[in-house]
Amino acid sequence: MDKMEWIAPCHFGLESVLKREIQDLGYETVQVEDGRVTFCGGIEAVCRANIFLRTAERILLKVGSFPAVTFEELFDRTKEIPWEDYIPEDGKFWVAKAASVKSRLFSPSDIQSIMKKAMVERLKSKYHMQWFQESGASYPVRVFLMKDIVTVGIDTTGISLHKRGYRPAAGKAPIAENLAAALILLTPWKKDRILVDPFCGSGTFPIEAAMMAANIAPGMNRSFIAETWANLVEKRAWYEAVNESHDMIRDEIETDIQGYDADPEVLRTARRNAEDAGVAHLIHFQQREVKDLSHPKKYGFIITNPPYGERLEEKSALPQLYREFGEAFRRLDSWSAYMITSYEDAERYFGRKADRNRKIYNGMLRTYFYQFQGPKPPKKKR
């Protein structure tokens, strides 16, 4: 298994950001599809991808891809996969998730049941066993069906990669960590530039930005399901990836990253989360209404996730909130603003049409990432 294919799912609409991240890690991308990127790499890729990728949801070891339009075909082709190369005799295995789009096989529970039976039959014949204790390491399988093409992968991550470990307590309507990271990477913001989130909530945007600025790998302080795969991944590969992440940290830097919120309770949560992420010294949190948003310097960035009004009682407050946000932004000479929201009248009340907007699915919720671009700062003289 010198070179394998790995599948990295991500939020719909952010595949290009993940592709760039994978290439920056030194791996070749094989295929980019809606909501996932497939890339090629050695066994060390499972460690490095899980630890370093900021925008992926998980990493899957791709074990097969084939067409199937009947359950008989699904069974036979699943049974042809060399499961014994991946799952040991005592391995615990199941089909954790099945998703089907524009395919004739569309029942997730039936797909899961039939594929599990096929896996059992294959392993029975290879291990000459009639019963599996499944007392060892876990090998959860995930399968996607797209236009009758079945793609099968084994999940190496376990708990989703957006769970960095710093946010056990989230504020109201939190944005996922990997989505926040992807949106920051869509902007021209760099660690020497100002960044303000006026609706910071539990602090996700400021914390993710500070982790980028300090080069802190998002997965360095958590565990992954593939760490128990002694048959496939040597412990040494994990140690080397973790050591690499520690060597890259540069947290003795100066930043101007700020998080504001009107709610003092969520600010306490944000400060606690920043402490747990190791970046509290890089962020200034302050209780402040959006109408009071100000900064003395030019060429700053606002990156934020304002309220959407998903709850009916909050919807009536949105016009005033977005109007105040827009007015405050206009007072910030030469700044740029980026906001993700599902609120359809966001531009209207903000008072300006976005220079660009990008459709992004946040779970099943369709949102737009509005981009209001300010001028570039003058180049520094050498």
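The exercises below concern a predicted model.

**Exercise 1. Strand β1**

Determine which strands pair with β1, and in which sense.

Solution. Start with the strand itself: β1 covers residues 4-9. Next, take strand β3, residues 36-41, which pairs with β1 in the antiparallel sense over six bridges. Within this pairing, A8 lies opposite V37 of β3. Then turn to strand β4, residues 60-67, which runs antiparallel to β1 and is joined to β1 by two bridges. Here W6 has L61 of β4 as its bridge partner. Finally, consider burial: five of the six residues of β1 are buried, so the strand is mostly covered under the cut-off of 20% relative accessible area.

**Exercise 2. The nonpolar cores**

Find which residues of the largest nonpolar core touch the most other members, and list what V279 contacts.

Solution. The largest nonpolar core has 98 residues. Those touching the most other members are L74, W83, V143, V152, L183, W189 and V279. For V279, set aside the neighbours within four places in sequence; the contacts are then I207, A210, M211, I216 and A274. A separate second core, of 23 residues, includes V196, A328, Y349 and F350.

Conventions. Residues are numbered from 1 along each chain as its sequence is written. This is a predicted model: local features need pLDDT of at least 70, side-chain atom pairs count only at pLDDT 80 or more; totals for chains, interfaces and linings use all residues. Side-chain values use heavy atoms; hydrogens and water are left out. A nonpolar core is a set of buried Ala, Val, Leu, Ile, Met, Phe, Trp, Tyr and Cys residues joined through side-chain atoms within 4.5 Å. Buried means under 20% relative accessible area, exposed over 50%, partly exposed in between (1.4 Å probe, protein chains only). Contact means heavy atoms within 4.5 Å. Helices (H or I, at least four residues) and strands (E, at least two) are DSSP runs, numbered from the N terminus. Two strands pair if DSSP finds at least two bridges between them.
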